[in-house]
Number of protein chains: 2
Amino acid sequence: MSSTAKPRRGRARARQNTVTAAFDRAWRQWRNPYPPVEQFRPDEVEAIHKTSLRVLSDIGLKVLDDDARRLLVKAGMTEAGDQVIRFDPDLVMELLGHAPREVTLHGRGPDRDVSLGGNKVAICTTGGTPNFSDIKGGRRPGTLADLDNLCRVAQGFDVIHVIGPFVEAQDIPPNLRHFAMTRSVLTLTDKVPFVFFRGAQAVADAYEMIRLAHGLSEEEFRQTPVCYGVANSNSPLQLDHLMCRGIIDAARAGQLMVLTPFTLSGAMAPVTLPGALAQQNAEAMAGIALSQIARPGAPVCYGSFTTNVDMKTGSPAFGTPEYTKAAFASGQLARFYGLPLRSSGVTASNTVDAQAAYEHQMSLWGALMGGTNLLLHGAGWLEGGLTASAEKFIVDVEQLQMFAELFKPVEVNEATLGFDAMQEVGHGGHFFGTQHTLERFETAFYSPLVSDWSNYENWAERGAEDTQTRAHRIFFETVEAHEPPPLAPERLEEIDDFIARRTADGGADIDR
Amino acid sequence: MSSTAKPRRGRARARQNTVTAAFDRAWRQWRNPYPPVEQFRPDEVEAIHKTSLRVLSDIGLKVLDDDARRLLVKAGMTEAGDQVIRFDPDLVMELLGHAPREVTLHGRGPDRDVSLGGNKVAICTTGGTPNFSDIKGGRRPGTLADLDNLCRVAQGFDVIHVIGPFVEAQDIPPNLRHFAMTRSVLTLTDKVPFVFFRGAQAVADAYEMIRLAHGLSEEEFRQTPVCYGVANSNSPLQLDHLMCRGIIDAARAGQLMVLTPFTLSGAMAPVTLPGALAQQNAEAMAGIALSQIARPGAPVCYGSFTTNVDMKTGSPAFGTPEYTKAAFASGQLARFYGLPLRSSGVTASNTVDAQAAYEHQMSLWGALMGGTNLLLHGAGWLEGGLTASAEKFIVDVEQLQMFAELFKPVEVNEATLGFDAMQEVGHGGHFFGTQHTLERFETAFYSPLVSDWSNYENWAERGAEDTQTRAHRIFFETVEAHEPPPLAPERLEEIDDFIARRTADGGADIDR
């Protein structure tokens, strides 16, 4: 089927979606048609930038990895004792200048490539939660079976472009977990996979498996971004060993590294938004500078995660007004440096209710209207990231599909202005039967996945199910409908041989 | 207490809010700090505008009221037979030029004035639903007692500025209902009240009651907008008797008239967005032109309600991507004519779940980022407007408060950039105990009304209540905490005497 065929949507799409099915290109590579919303004036952005440089030069960053400190000092930064590195502002700016403005992540399946930068946007699932939940099975520690189901569902929706690490497969020993999780992503999806920064061995193992799945030579792999990893600075102003290793190893492997400071305003960052952003910015610049030292031109993404804490309990809040403002402002900062921007879809809610939706929306609008290029945690995140929820995944996919449709341009021309249709219908009639409507009604409007637009009586008669209940069914129907994407048997064999060999070696020491 | 005192928020605010309590001025008169999002290029807006004028001149509008047709023809429009009026484009534009760019609605209580226009925004509750629902009492036909409770809760939250007609008091006979509903609004709130356009008598009665409540002379009343009414054109391209009367009577009374076409794309308007907008625009211009003939300079608002129908069932959909685009575009059209814009907060959901929240958010963001000045149905609307929901009211107030906070500007200066705080905390510490935090933590962040930010274990231990359940409790707590705003006993006596006299006359013929 050609890509101009009528797109199938909603549950039909979920059931039937395979790599050979028709698809809607606008859902595969989003382009944001709206100019970004700006929180601050240019002079205010400049003030935040200058404060960040002052933080880097006068306070510096504690860098807990010997290699990283050596690299930084060799490049011209200053050791200030106690593992603290002070950064030269001009050198930081020079290094940031090496980073590419746009990164294309190459998916394994056809039409799975996705670019980040400018007005291009890619969407990633949730990742890194210890728990999984669905309303029938309840909330429980994540397993590989849960991760597999999440992979299957992620594969089923075209608005998901990048695979996050979903849920911890806690039934697999830590030293072998990266083998199992990466294998699941590579066999159940053909989308861009994640790599966890859990030490040099685990990172190297994951890269090798992904390289084999793509059938790339080692040199080709280093030249072709096909996966990504996230380095969280240990705010305030600290980078630990695992994150440093991830930054350096990703750069040397030519794979995307997303540098995301964990700046919780009021806790690990100043209680004021400009202060929290100045700190976020300082930490992001430091990590990206390190990556550009390790390999000039390495693909990176400026990560924004600034939110506030609940000052009564100290626990993080998500999708707050402060979060939305920080997302708008982070877009301005990323564009100031000419870097792609990462933001997130988030909520603190403990169940898939109204709060889960309005907090997620506040974060989505902040991220997307702020100019985000890579949206992490776009589908499935619950409880501030402690749970991956089956129902939340579906509810979020609905919202993502709505955004993909919102981002589609509308043509204004003689035909769409519809004067003739209005003349035909006249006064007090209706448009249902006009030629103008009949020619367009099948594709004119977004058709929902989980939203129920029926009237109260019909809805009540069918059991008065809320969105969460309907989403549960769609999640597991999509699991059932999953068809694994093609992966050449010889490549899978190579991957499995590799896993067997490395398992025999004892797997990875995830603290190294 | 002064207006600079620390604002009390959340449930405490709901419980303690009285007209003498401290309040947050930014919540009382919203100012949108963001430039409006634009859906179309200027030449595309121009093309929609020109199509609307062509519709008005070549197809015309069916005007079912004799007085209105006489006024239009006397002003220079053309009778085309069968009650159809064709509009002269130049004359339409000339008439629109008389309408004020900004309207101030004068509330009865202190600091209840609210302006619409430019970047100023006012929020109104839901209105006009036949049913009321709460999760304990269930869904049932609305009564005056339900309306009273909604008035009490609307009075309790500063982010609500204007009172919508909430729910039909179906236990009161139609000929007397406007007395009861208006009396409730005037005695239980001091905010800007609605007037239903249900015939000349009912409108005149409501205006008289509102005039008496304000203690204005008849001449003062005509010079002082203190209430509003909505005229829905009967799309496509038709204005019925009651709407014409409302338009004319509101203009002559000097009270705000919101002209809102009911353009459901695919049903009562073209299936294409530019076509539906061209029709909305034509109908809005026609009604506003009529108001400016009745009284040049009469306060008006350009109403946008364009949404799409579900093409499978024909029922209206709300908070869709198409709705959001139409809201952005309607802002461009309203600004093209220099008129304040009305939009709405909407959902088709039948219960207060995730769908209710994400559809409401899609409409809120479309409205508010589109440059809306008057948001109708901002709190409480459910089931596409068939039910006013207690829980939805609270969930929506939470979202409105989040927007009010989002709209507050952030100052960037030496103190907020927080360099000294970052230096004090250093690497790997936390900001909880710093002077910088202690000076600000009480007011630094938005404190939620119904959102629950506690962790899963605490939340589960307290009964694992979802947002709807928590909202139920807050609604009825706010009802209990209500204190009627001051209304001079002699004014109330005048109102009650008026009601008694008019009731003895037989009330209003609501079809005239």
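Me: How many salt bridges are there between chain A and chain B?
Reply: A salt bridge is read from distance: a side-chain nitrogen of Lys or Arg within 4 Å of a carboxyl oxygen of Asp or Glu. In this predicted model, the count between chain A and chain B is four.

Me: Which residue forms a salt bridge with A:Glu457?
Reply: The partner is B:Arg139. The closest N and O atoms of that pair lie 3.7 Å apart, and the cut-off is 4 Å.

Me: How many residue pairs are in polar contact across the interface?
Reply: The rule finds 38 between chain A and chain B, both residues at pLDDT 80 or more.

Me: Which helix gives the most to the side of chain A that touches chain B?
Reply: That is helix α13 of chain A, residues 354–369. Helix α13 supplies nine residues.

Me: How do the residues of that side of chain A divide?
Reply: There are 52 nonpolar, 35 polar and 23 charged residues on the side of chain A that touches chain B.

Me: How many residues does each chain bring to the contact?
Reply: Chain A brings 110 residues, and chain B brings 110 residues.

Me: What area is buried between the two chains?
Reply: About 9,300 Å² is buried between chain A and chain B. Carbon and sulfur atoms give 69% of that area.

Me: Which residues in chain A lose the most area to chain B?
Reply: They are A:His427, A:Phe445 and A:Trp453. Together these residues account for 9% of what that side buries.

Me: Why do the copies meet through the same surface?
Reply: Because 100% of the interface residues of chain A are also interface residues in chain B.

Me: Now a sheet. What is the strand order in the open sheet of chain B?
Reply: Seven strands run in the order β1-β7-β17-β16-β14-β12-β10. Their pairing is mixed.

Me: Which are the edge strands?
Reply: An edge strand pairs on one side only. In chain B these are β1 (30–31) and β10 (228–231).

Me: In what sense do β7 and β17 of chain B pair?
Reply: Strand β7 (residues 120–123) and strand β17 (residues 374–376) of chain B pair in the parallel sense, over two bridges. B:Ile123 has B:Leu375 in β17(B) as its bridge partner.

Note on methods: Residues numbered from 1 in each chain as written. Chains lettered and ligands numbered in written order. Predicted model: local features only at pLDDT ≥ 70, side-chain atom pairs only at ≥ 80, totals over all residues. Heavy atoms only, no water. Contact = heavy atoms within 4.5 Å. Buried area = accessible area lost by both parts, 1.4 Å probe. Polar contact = N/O pair within 3.5 Å; in protein donor to acceptor, adjacent residues only side chain to side chain. Helix = DSSP H or I, 4+ residues; strand = E, 2+ residues; numbered from the N terminus. Nonpolar A, V, L, I, M, F, W, Y, C, P; charged D, E, K, R; others polar. Pairing = 2+ DSSP bridges.
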